[in-house]
Amino acid sequence: MSTLSEAPPAPAPPAPEAVPPRRRRRLTPYWLLLPGMLWLLVFFALPMVYQASTSVQTGSLEEGYEVTWHFATYWDALSAYWPQFLRSVAYAASATVLCLLLGYPLAHLIAFRAGRWRNLIMILVIAPFFTSFLIRTLAWKTILADGGPVVGLLNTLHVLDVTAWLGWTSGDRVLATPLAVVCGLTYNFLPFMILPLYTSLERIDGRLHEAAGDLYARPATVFRRVTLPLSMPGVVAGTLLTFIPATGDYVNASLLGSADTGMIGNVIQSQFLRVLDYPTAAALSFLLMAAILAMVTFYIRRSGTEELV
């Protein structure tokens with residue numbers, strides 16, 4: 001009886017080389033960053049490149065635009081609309097200062113004195129975000145209407161006499177004046193000031209205040225030497241979150257202001273959608289961005305902190 005020889009087993013396929021755990025851990029942050037980087041590339045970097053090319057084009061909408069590297073558009077735009085630039089910075093700076101003066105005491109109250117009412121007050125701060133920005137701005141037309149209670153109270157207290165002397169109002173009117181625009185900016189961007197301030201103040205250890213009190217420091221000294229320095233990251237973040245969008249805003253100036261209170265955002269919007277002068281609009285956008293970047297860089301360096309959270 002013949003015996004059948006068994007065939008040798010087929011060799012097993014080589015196992016795929018596994019990625020070392022250390023290398024996998026090193027690559028994980030980059031994979032997590034990939035969606036955000038793609039988002040910034042598609043919706044920020046590419047539009048910026050397109051706007052940059054538009055700003056150096058010449059031509060017309062009928063004949064078409066062509067990139068001719070006409071950098072004189074920047075100088076022409078700045079020469080024609082520098083008053084709107086200065087006005088935008090002045091309005092945004094005024095609104096930022098008012099937001100800081102109004103927001104810091106409220107954030108301090110929420111962080112240290114609110115107790116069980118903290119969540120309720122925070123909801124009230126965030127509640128305006130549930131209403132359209134446009135509706136909130138239109139509501140100020142009713143609040144500041146001629147003959148309304150607010151204007152009547154300001155007249156009784158002779159506040160409008162002072163603001164008229166400063167050039168912020170005209171006669172007994174508040175609407176269609178710089179004061180109305182600043183009030184709208186302050187109201188709409190106040191939550192952007194309060195939230196960073198609250199976050200920064202809430203992180204302060206209460207034992208530091210107790211230690212300062214044990215050293216016989218007065219409340220004003222405790223605030224000046226302990227609370228304010230430790231809350232500076234929140235102050236810097238809040239002022240940036242308020243000043244930057246307020247500078248480019250055009251809704252408040254359109255609805256609450258007049259032709260004499262137009263901001264640079266109104267000019268850019270008009271150049272894009274009405275005049276259809278795309279190179280000038282793109283040049284103004286880049287000039288505004290460059291100006292804001294320069295001011296923000298100077299402000300952060302002068303504030304002495306780069307920790308914005």
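Start with the cysteines. A disulfide here means a pair of cysteine sulfur atoms within 2.5 Å, and a search of the whole structure turns up zero of them. Cys99 is buried, with a relative accessible area of 0%, whereas Cys183 is partly exposed at 22%. The cut-offs are under 20% relative accessible area for buried, over 50% for exposed, and partly exposed in between, using a 1.4 Å probe and protein chains only.

Some housekeeping before moving on. This is a predicted model, where local features need pLDDT of at least 70, side-chain atom pairs count only at pLDDT 80 or more, and totals for chains, interfaces and linings use all residues. Residues are numbered from 1 along each chain as its sequence is written, and side-chain values use heavy atoms, with hydrogens and water left out.

Now zoom out to the whole chain. You'll find 13 helices and two strands; these are DSSP runs numbered from the N terminus, with helices being H or I of at least four residues and strands E of at least two. The radius of gyration is 29 Å, well over the 19 Å that the globule rule gives for 309 residues, so the chain is more spread out than a compact globule. (That radius is taken over C-alpha atoms, and the rule is 2.2 Å times the number of residues to the power 0.38.) Along the principal axes, the C-alpha atoms fill a box of roughly 125 × 75 × 35 Å. Of the 309 residues, 34% count as buried.

Next, select α7 (178–202). Which element gives the largest share of the largest nonpolar core? The core has 17 residues, and those with the most contacts inside it are Ala107, Ile110, Leu197, Tyr198 and Leu201. Elements giving it two or more residues are α2, α3 (118–126) and α7, and α7 supplies the largest share, six residues. A nonpolar core is a set of buried Ala, Val, Leu, Ile, Met, Phe, Trp, Tyr and Cys residues joined through side-chain atoms within 4.5 Å.

Click on Tyr198. Skipping neighbours within four places in sequence, Tyr198 is in contact (heavy atoms within 4.5 Å) with Ala107, Ile110, Ala111, Arg118 and Met122. Apart from this core lies another, of 12 residues, including Ala77, Leu240, Ile268 and Leu284.

Hop over to Thr227, in helix α9 (residues 219–230). Thr227 is buried at 3% relative accessibility. Beyond four places in sequence, its contacts include Tyr104, His108, Phe112 and Leu201.

β1 and β2 form a hairpin with three residues between them; they run antiparallel, joined by four bridges. Strands pair if DSSP finds at least two bridges between them. Pick Gln57 and you'll find its bridge partner, Val67, in β2.

Last stop: α13, residues 278–303. This helix has 26 residues and reaches 37 Å from first C-alpha to last, close to the 38 Å expected at 1.5 Å a residue; the expected span is 1.5 Å times one less than the number of residues. Its buried residues, among them Leu284, Phe286, Leu288 and Ile292, pack against α1 (21–55), β1 (57–60), β2 (64–67), α2 (72–112), α10 (232–247) and α12 (264–275).
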